[in-house]
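Have the picture handy as you read.

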Amino acid sequence: MERRRLGKTDMMVSVLGFGGSEIGYERAGARTVARLLGTALDAGLNVVDTAECYEDSEALIGAALGARRSQVYLLTKCGHPRGYGRGDWREASLLSSIERSLKRLRTDRLDLIQLHSCELADLRKGEVITALERARERGWARYIGYSGDGEAARYAIECGRFDTLQTSASIADQEALELTLPLAVERGMGVIAKRPIANAAWRYARKPSEPYYQAYWSRLRALDYPFLRAGAKGAVATALRFTLAAPGVHTAIVGTKRPERWPENARLLDAGPLPAAEIEQIRGRWRKVAQPSWTGEV
Ligand SMILES: NC(=O)c1ccc[n+]([C@@H]2O[C@H](COP(=O)([O-])OP(=O)(O)OC[C@H]3O[C@@H](n4cnc5c(N)ncnc54)[C@H](OP(=O)(O)O)[C@@H]3O)[C@@H](O)[C@H]2O)c1
């Protein structure tokens with residue numbers, strides 16, 4: 001699998017990465033996670049992303065990796081130690097969350113610790129960034145990053161203190177392509193695309209009951225890209241290749257609970273880069289249809 005250097009870090013990351021939220025929120029079992037990581041590594045992935053608040057995701061990954069820890073870059077997040085939406089941005093809280101992540105992931109050192117979508121106002125105060133810098137000084141993480149979108153993501157690049165940005169980028173979420181990615185390229189930051197296939201939200205015939213999928217489902221209805229009618233595999237392939245073609249993106253972390261997805265998704269990339277004309281069609285449709293409220297989905 002193709003590898004790209006993650007900005008100015010020493011990490012040569014596979015273009016496909018393992019997104020760890022689904023296994024936590026959808027309560028995958030230990031055996032499933034072991035198989036998932038096995039098929040992911042066999043398919044050539046070397047990036048595993050998780051977070052302190054994805055239920056048991058960190059512990060499941062820590063247990064499943066075992067001796068294969070050295071074969072992957074381990075990325076996690078901090079800021080919601082008691083569950084997503086209940087942010088705690090105090091320095092002591094962030095540091096104790098990182099220490100807990102090390103234990104759960106059964107590692108001495110993370111490759112990357114990311115602030116988990118804190119607001120611009122918190123970022124500006126600076127204490128949250130100082131906490132991550134302290135964790136790096138203590139040897140708990142090799143690099144520090146910001147995970148989030150919009151103006152906060154832009155500030156995270158401008159302030160010059162982060163090594164990486166994790167942000168939403170897909171056929172249904174193109175704000176970052178103008179607001180942050182060009183600046184990230186200029187500053188040599190590593191970029192991790194989250195929600196890179198827009199949750200494959202076009203799969204649902206009716207509006208999904210799960211709120212997390214609803215915004216992309218509605219956007220994709222309005223965007224009505226012709227390639228979405230080309231069969232499931234063709235659609236995922238185009239979506240993924242679009243995200244990976246966005247200038248500045250180094251890796252795209254996909255979430256799944258199905259072990260067979262990894263060889264399947266890896267094979268979708270064999271077709272190579274998405275041709276410029278197809279990228280332009282998707283960009284053109286977005287420019288025509290996207291509403292001002294279609295900002296980066298956290
Ligand atoms: N604020 C943040 O920091 C933040 C926010 C959101 C996400 N993230 C990160 O980004 C990762 C990815 O985000 P995500 O899982 O929300 O979005 P995603 O990767 O765009 O979509 C995941 C969905 O795509 C489906 N899928 C995967 N491969 C497929 C294929 N070949 N064909 C059809 N469907 C396929 C999966 O379903 P199946 O289970 O059926 O495969 C899953 O429901 C997360 O795991 C997390 O690590 C971070």
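This is a predicted model: local features need pLDDT of at least 70, side-chain atom pairs count only at pLDDT 80 or more; totals for chains, interfaces and linings use all residues.

**Helices α4 and α6**

- Helix α4 covers residues 91–104 and helix α6 covers residues 127–137; their axes come within 9 Å and cross at roughly 35°.
- This crossing of α4 and α6 is right-handed.
- On the α4 side you'll find Glu91, Leu94, Leu95 and Ile98, which meet Glu127, Val128, Thr130, Ala131, Leu132, Arg134 and Ala135 in α6.
- Sorted by class, the contact of α4 with α6 has seven nonpolar, one polar and three charged residues.

**Helices α11 and α12**

- Helix α11 (residues 232–245) packs against helix α12 (residues 261–268) at an angle of about 65°, and their axes are 9 Å apart.
- That angle makes α11 roughly perpendicular to α12.
- The crossing of α11 and α12 is right-handed.
- From α11, the contact uses Lys233, Val236, Ala237, Leu240 and Arg241, while α12 brings Glu264, Asn265 and Leu268.
- Those residues split into four nonpolar, one polar and three charged.

**Around the ligand**

- The ligand is surrounded by 32 residues, and the closest are Ser147, Tyr212, Thr256, Arg261 and Asn265.
- Tyrosine 212 has a polar side-chain atom 2.5 Å from an oxygen atom of the ligand.
- For aspartate 49, a polar side-chain atom lies 2.7 Å from a ligand oxygen atom.
- Serine 117 places a polar side-chain atom 2.9 Å from a nitrogen atom of the ligand.

Definitions and conventions
Residues are numbered from 1 along each chain as its sequence is written. Side-chain values use heavy atoms; hydrogens and water are left out. Axes are lines fitted to C-alpha atoms, for helices over the stretch in contact, and angles run from 0 to 180 degrees between N-to-C directions. Helices (H or I, at least four residues) and strands (E, at least two) are DSSP runs, numbered from the N terminus. Angles under 35 degrees count as roughly parallel, over 145 as roughly antiparallel, 65 to 115 as roughly perpendicular and the rest as oblique. A crossing is left-handed if the near helix is turned anticlockwise from the far one by less than a right angle, and right-handed if clockwise. Contact means heavy atoms within 4.5 Å. Ala, Val, Leu, Ile, Met, Phe, Trp, Tyr, Cys and Pro count as nonpolar, Asp, Glu, Lys and Arg as charged, and the others, Gly among them, as polar. A residue is near a molecule or strand if one of its heavy atoms lies within 4 Å of it. A polar contact is a pair of N or O atoms within 3.5 Å; within protein, one must be able to donate a hydrogen and the other to accept it, and residues adjacent in sequence count only if both atoms are side-chain atoms.
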